[in-house]
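Reader: I'd like a close look at one part of this model, please. Start with the overall fold, then zoom in on the ring pairs.

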Amino acid sequence: LQEGLERNLTQLKIVYQNPVHYLDVSWYWSKQGLPGVISSGFYMVTNAIMLCDEVTLYGFWPFPINERGAKVSFHYYFAPIFIGPAAGLESVYDMGKEFMMIRKL
């Protein structure tokens, strides 16, 4: 992928899975009120926001129904409601807090 970017004469660099970048992104979000470990999905959303003028997310919805009351048949994770400590589930990250942070954007 990096070679393709360079062939197209862009200055962009691939940073996904760079542990220093991941820690920097996690640190940034912790300062914004999202403590703990961020999910890989939230990390990729952050990268998309940094690189793109417009970002559309699909499947990053932790509720069993959408805003119009229709059943949601897809989920980012196995449970149909907030994932993480708030739901009483063991998880290294809290999808509910991540979701609410994205909604603030």
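How many helices and how many strands are there in the chain? And which residues do ring pairs link into a cluster?

Author: Happy to. This is a predicted model, where local features need pLDDT of at least 70, side-chain atom pairs count only at pLDDT 80 or more, and totals for chains, interfaces and linings use all residues. Residues are numbered from 1 along each chain as its sequence is written, and side-chain values use heavy atoms, with hydrogens and water left out.

The chain has 4 helices and 0 strands (DSSP runs: H or I for helices, at least four residues; E for strands, at least two), so from the N terminus it reads α-α-α-α. Of its 105 residues, 28% are buried (under 20% relative accessible area; exposed is over 50%, partly exposed in between, with a 1.4 Å probe and protein chains only). Among contacts (heavy atoms within 4.5 Å) with a separation of 6 or more, 38% join residues 24 or more positions apart.

Now for the rings. The structure holds 3 aromatic pairs (Phe, Tyr or Trp rings, the six-membered one for Trp, with centres within 6.5 Å; planes under 30 degrees apart are stacked, over 60 edge-to-face, the rest tilted). Take Y28 and W29: their ring centres lie 5.1 Å apart and their planes meet at 75 degrees, so this pair is edge-to-face. As for the cluster you asked about, ring pairs link Y28, W29 and F42.
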